Amino acid sequence: MKKYSYVGKGVPRIDAFEKVTGTAQYTADLRLPGMLYTKLLKSPHAHARIIRIDTSEAEKLLGVRAILTGKEVPYKFGIYMQDKETLAQKKVHHVGEPVVAVAADTEEIAEQAVELIKVEYEELPAVFDQRDAMKEGAPLVHERLHEYKHAPFIFPKPHTNIANHFKLRKGDVERGFKEADVIVENEFYQPQVQNVQMETHTSIGQWLPNGQINIWTSAQSPFAVRHLLSVGLGVPIHKINVVVPYLGGGFGGKAGLHWEPLVVLLSRKAGGRPVRLVMTREEQFNTTAVRQGFYARVKTGVKRDGKIVAEELLFLWDAGAYADYGVNITRAAGYSCTGPYEIPNVKCDSITVYTNHPYGTAYRGFGHPEFHFATERQMDLVARAIGMDPVEFRLKNAALPGRITATGEKLREDAGRVDECIKVVVEAIGWGKKEPKQVGGKLRGKGIAALWKAPAMPSYTSSSAILKLNEDGTVTLSIGSIEMGQGTPTALAQMVAEELQMPIEKVKVVTKRETDFSPYTWQTVASRGLFMEGNATLDAVRKLKEQVRETAAELFGVPKEELVVAEEKVFVPGKPDKSMPLAKLATAGIFPDGRGIGGPVLGYGMYTAEGLTNLDPETGQGLPALMWTFGAQGAEVEVDSETGEVRVLKMVSAFDIGKSINPVLLKGQVYGGIVQGIGSALMEEFIFNEKGALLNNNLTDYKICRAQDIPDEFVFIPIENPQRNAPYGVRGVGEHVRISVEPAIANAIYDATGVDLFEIPMNRERVWRALKQRGEKVASA
């Protein structure tokens, strides 16, 4: 195995100093000359027609510079479906939707102005459950759905609440069920939840009188912001510049376009002054994007020997008021619906449904934690129905290299090994060992779950990188990918240092992303960053080296193939007189007589996803995956049978990551993702009243993991089966780390208590109620 100097080492984060000393600048830290501040008047109704808006009193308030209503901004935006209004136009679609925006000299004045605005509404029937929203005669959230522009791989159903219907068909499901010895069918449910980024959505926009639009924003996808603004406003791309400083967390919720159009349009009305909007924590819950709710029905046919012969799945996604990323989450879950198993006969309908809830978007895992809760719980339930150990059952059906996925893809030999992940987790969690089931009066149990995920992205997605050689021999790398905690710039710096055999201290990665200057990348989503940016960066290194060799070959009078670029110089091995520091070639090479040759050394690298195809709209057959990352997780829990309280004692995770570029940062990703998953599993949920108003729209009433909720023990086992077309063989893992946390915990709760849970969160009240019902059944029996 090749030894590396930097790749595979726990190099400290290159942005650590700025972040721990408070010198890192976030969007909310910026102050521009003449900047105005925005406050929003939001809908108190889930579904209502806007009859009249009276802003006359607000307009009289000293310091108010611009007031916008939906009538003045008749635009629609959306990355996959152009359905989202900047401000509600003719009606409101959910409680908390912005109706009027005010830009004023201070936030206090803007808030005063909002309180002076009067809106008259006519309430309309609302729908809050995606199952109800699909029924005939249900209130329509979008009556003009048939007029909306959408991506060609999204399939809305006009005059209904269905924003996308993804179909997957493999084999003959009916025949498969006839061949089955046992059929198991269950339903599962998850509510909407919040991404809970540390930094709330923040944007500053300026639309200058000359038509130039400048935006500073807390976004994961600056190039997507630029493109979607261009399409929505009809402004040429070269007139829009998007700047993303440091980002205080994303988790998918800051992908795509959010509040950038609003601040830009307010700026235009205010004569070109910059306008700032910082969402409060309550607005982050009520008004911004959230994770979709989810319902699943899973029917599995299996032979007595443990071989799955058929599976039928229905996924219904609560998109809320707007489609946003929800329609692509539906698609990604649909083509991955079986989990990491080979099943010959599969039918899946994955459907995005509009409701009058806050609108759904991406959240770490892109729908995979939701459907894996269903499918991995189902795996345990089916195994139990045929009397087979859940581990043996998973291994018997595992999707291994050479096996065929539900979309008809034959897994490549270097695709990764879910069986290896399962086996190491089983050993580390102590599966099958005889241990006390009750400790200190509390019940203990263990559960496992497997997973897989591929990046959900268009088949032609691309990335680029620019590597400059500086006059002192140092190098500067520019990329378009956003740093939001995952550590990609540090890992890329390690790759550059490795390829140039240069001290990593001499490699700089530019932290600010600015679309006028940064090289293009599609988006910072889908755990694609290190794979795609890594390939683009390696391409940039190759081209920089090639330029150095071409110039040095002329200066030395040798073929360029003899030259080596390493250790901050270019040289012919074994010939000391044929050696030159890179610094002397940075701007140009110089002959002894003073003539110049070459020029500034710069490598422009690029990479476009390979091997992907469109999927058939009726069957879902095709090649959706740049890479598959496989994994497994095990949980050991303790359950208090008196209160229903669940404590996670130990979590074991294994992922086939191909190659660990930075083990320290990787562990941070894994442990953070696990804690996030525990929050979803045990405590997080949106609680609405009967009118669709969110009751727990703050971090007092909405529970996330605190220090006391962290497991006593984490075990992470990286599996390294490298993928040939990946940089150093690496696969994405950032989203995957929480995908199977919930089902592993649920399966462990069953092992401890004998209680099956089909709904998340598995909070104290829900577990206690299930234990009580089980006790009553046992007593009556």
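1. Phe373 is buried, at a relative accessible area of 0%; buried here means under 20% relative accessible area, with exposed over 50% and partly exposed in between (1.4 Å probe, protein chains only). The model is a predicted one, in which local features need pLDDT of at least 70, side-chain atom pairs count only at pLDDT 80 or more, and totals for chains, interfaces and linings use all residues. Residues are numbered from 1 along each chain as its sequence is written, and side-chain values use heavy atoms, leaving out hydrogens and water.

2. Now to the partner ring. Phe188 and Phe373 make an edge-to-face aromatic pair, 6.1 Å centre to centre with 85° between the planes. Rings of Phe, Tyr and Trp (its six-membered ring) pair if their centres lie within 6.5 Å; planes under 30 degrees apart are stacked, over 60 edge-to-face and the rest tilted. Phe188 sits in strand β10 (residues 182–190) and Phe373 in helix α10 (residues 368–385), 185 residues apart. Helices (H or I, at least four residues) and strands (E, at least two) are DSSP runs, numbered from the N terminus. Phe188 is buried too, at 1% relative accessibility.

3. Do look at strand β7 (residues 98–104): seven of its seven residues are buried, so the strand is largely enclosed by the rest of the structure. Strand β1 (residues 36–42) pairs with β7 in the antiparallel sense over six bridges, and Leu41 stands opposite Val100. Strand β3 (residues 64–69) also pairs with β7 in the antiparallel sense, over five bridges, with Ile67 bridged to Val102. Strands count as paired if DSSP finds at least two bridges between them.
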